[in-house]
Amino acid sequence: MKRSWVVGILCLVAACGQIGERKQPPPSLYELSQTDLDLSGEQLAKGYCGSCHVMPSPEILDQKTWAKVLPDMRKRLGLYLEEDFGTPLPQDEGVPEGIYSSQPMISRENWVKIEDFYLQSAPESPIPQAEKIEPKAGIPGFQLEIPQFDFVRPSLVTMLRIHPETGNLWLGHRFRALFELNSSKGFSQLDSIPTAVAPVEIRWKDSGDFQLLSMGLMDPANDSLGIWSEFSQEGKGWKETPVFEQLIRPIHVEVEDWNGDGKEDYAVCHFGNHLGKLSLYLSQPDGFEEIILKNDPGARRSIATDWDEDGDLDLLVLMTQAKESVLLFENQGQGNFREKKLLEFHPAFGSSDFRWVDMDGDGLRDIVLVNGDNADQSQILKNYHGVRIFKNNGKGEFEETWFYPLHGASGLEVGDFDQDGKKDLFVIAFFPDSKQKPRQDLVFFHQERMGFQPFVLAQSPDMHWLTLTQGDLDGDGDQDLVVGAFDFNQLYQAPKGDWKPFVVLRNQLNP
């Protein structure tokens with residue numbers, strides 16, 4: 001028995017590929033902690049780090065940042081040192097049991113080797129962005145509008161959606177409210193609907209009713225306050241009927257019919273924090289059956305698609321947090337799904353959003369992805385943050401064919417905004433480099449014959465972007481953009497001026 005896991009360790013540390021490419025499963029952390037093999041720091045890192053996620057290379061962080069990050073990794077392995085005395089334990093900070101090991105999974109000597117490997121191999125300062133096409137000032141084909149409101153309200157927008165029929169803007173607010181704004185009359189307020197927690201997703205029904213996803217706490221938390229509800233008109237107000245409750249910090253819902261019974265099913269991304277999951281709620285005669293497709297935190301967005309063209313729907317999912325990846329859940333029928341990893345990234349990659357769309361007109365959908373989440377323990381500018389296109393080769397494989405460095409890239413919209421037959425991109429950055437000139441927190445990438453040309457606003461308002469959406473605000477047949485602001489300072493102190501929740505980029509294609 002012992003020989004089998006020793007052989008596994010030797011295979012593991014000799015491997016150069018990713019976890020999914022190895023011929024034998026990696027040993028458990030406990031097995032690693034019991035071995036007396038004389039392994040180098042790099043070999044130990046491949047074993048310990050690679051047992052959970054893609055092993056991070058030392059160059060992804062600088063030495064100073066590694067020195068901040070590594071102690072938490074050590075504690076997760078159950079190893080506490082004298083320097084930890086007097087500091088809060090994970091359970092003191094509300095971390096659930098099982099996240100940090102209750103027993104040492106690594107010896108002090110082996111941990112020192114791993115620590116030395118990263119600290120000695122990492123660069124002294126963060127690696128700068130690679131050379132890139134500098135954005136031009138002024139976004140062609142769009143006119144910037146900053147709506148004026150003559151009342152005070154915190155600019156804490158958590159959701160923006162444009163109604164596909166009325167063109168009205170629906171806005172979710174951090175302080176538990178949903179607003180309907182009249183797009184044809186200066187975004188005057190038509191309705192104000194109280195919500196249990198901050199809204200993040202809405203879906204309208206033909207009857208005029210709607211479904212709403214509210215996430216719970218926005219700050220990192222393991223609470224289960226999230227709720228997916230039906231809202232139906234009752235007199236001059238709205239009646240809320242919960243469909244799913246106690247959701248773990250949910251941020252996205254995909255609605256389709258995965259079991260083929262003609263009724264709506266729901267894929268819910270319970271993003272969570274230390275806890276989370278990806279759940280599929282399949283309709284049954286007496287309600288819904290929850291199928292947990294992935295019992296990990298960090299589910300960010302799911303997209304229904306018939307991947308294998310067999311007539312039923314599969315599911316593409318972006319997983320963030322430590323185990324960053326794009327996963328396919330292939331529908332096997334009878335509520336069974338087979339998981340396949342399409343893309344995999346290191347734990348500091350910062351995946352934030354993705355789309356599944358044909359970018360080059362070859363008839364195959366590609367993966368467009370932004371990565372720039374910087375709300376973790378390594379809040380430095382990272383040269384690998386940006387926008388990427390992974391081309392579909394038609395064999396279930398994807399190759400990165402385009403990358404544009406963009407600090408803090410966090411959200412995107414894809415569309416043929418000038419109707420020239422080619423897909424363009426709008427990207428926002430929630431964690432931009434504030435020192436970059438011109439300001440690069442809202443970038444339009446126009447697809448041209450030789451590639452993508454980036455553009456930024458000629459005059460950028462001093463706002464912090466969290467959300468964006470596209471839709472036809474004015475009924476002229478082209479797609480406009482609305483970009484929502486989230487001002488951190490107004491979380492804890494009253495705003496000092498009138499409400500400035502969003503800006504509009506009005507498409508001038510059909511004036």
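This is a predicted model: local features need pLDDT of at least 70, side-chain atom pairs count only at pLDDT 80 or more; totals for chains, interfaces and linings use all residues.

Reader: In what order do the strands β11, β12, β13 and β14 lie in their sheet?

Author: Strands of a sheet pair through backbone hydrogen bonds, either parallel or antiparallel. Strands here are DSSP runs of E, at least two residues long, and helices are runs of H or I of at least four, numbered from the N terminus. Two strands pair if DSSP finds at least two bridges between them. In this case the order is β11-β12-β13-β14, an open sheet with antiparallel pairing. β11 (250-256) and β14 (287-294) stand at the edges with a single partner strand each, so one side of each is left without a neighbour in the sheet. From one strand to the next the twist averages 20°; such angles run from 0 to 180 degrees between N-to-C directions, with axes fitted as lines to C-alpha atoms, for helices over the stretch in contact.

Reader: How many bridges join β11 to β12, and how many join β13 to β14?

Author: β11 and β12 (residues 265-270) are joined by six bridges, with Pro-250 opposite His-270. His-270 also stands opposite Lys-277 of β13, and β12 pairs with β13 over five bridges in the antiparallel sense. Between β13 and β14 there are seven bridges, and Gln-284 faces Gly-287 across that pair.

Reader: What lies between the strands of the two hairpins, β12 with β13 and β13 with β14?

Author: Six residues separate β12 from β13, and Gly-272 in that hairpin takes a positive phi near 65°. The hairpin of β13 and β14 has two residues between its strands.

Reader: Which residues touch the most other members of the largest nonpolar core?

Author: In soluble globular proteins, nonpolar side chains tend to be buried together. A nonpolar core is here a set of buried Ala, Val, Leu, Ile, Met, Phe, Trp, Tyr and Cys residues joined through side-chain atoms within 4.5 Å. Buried means under 20% relative accessible area, exposed over 50%, and partly exposed in between (1.4 Å probe, protein chains only). The largest core has 38 residues, of which Trp-66, Tyr-118, Val-326, Phe-354, Ile-367 and Leu-369 touch the most other members. Among the elements giving two or more residues to this core are α3 (41-50), α5 (108-121), β17 (325-333) and β20 (366-371). A second, separate core of 19 residues includes Leu-156, Val-255, Tyr-266 and Phe-430.

Reader: At what angle do α3 and α5 pack?

Author: The angle is about 105°, and the axes are 8 Å apart. The two helices are therefore roughly perpendicular to each other, a label that covers 65 to 115 degrees, whereas under 35 counts as roughly parallel, over 145 as roughly antiparallel and the rest as oblique. Contact means heavy atoms within 4.5 Å; the residues that make it include Leu-44 and Tyr-48 of α3 and Ile-114 and Phe-117 of α5.

Reader: Is Glu-330 buried or exposed?

Author: Glu-330, in strand β17, is buried, with a relative accessible area of 13%. Leaving aside neighbours within four places in sequence, Glu-330 is in contact with Asp-308, Asp-314, Asn-336, Phe-337 and Arg-338.

Reader: Which residue of β26 is the bridge partner of Lys-136?

Author: The partner is Phe-455, and Phe-455 is also the bridge partner of Phe-444. β1 (residues 136-137) and β26 pair in the parallel sense over two bridges, whereas β25 (residues 442-448) and β26 run antiparallel, joined by six bridges. Five of the six residues of β26 (residues 451-456) are buried, so this strand is largely enclosed by the rest of the structure.

Key: Residues are numbered from 1 along each chain as its sequence is written. Side-chain values use heavy atoms; hydrogens and water are left out.
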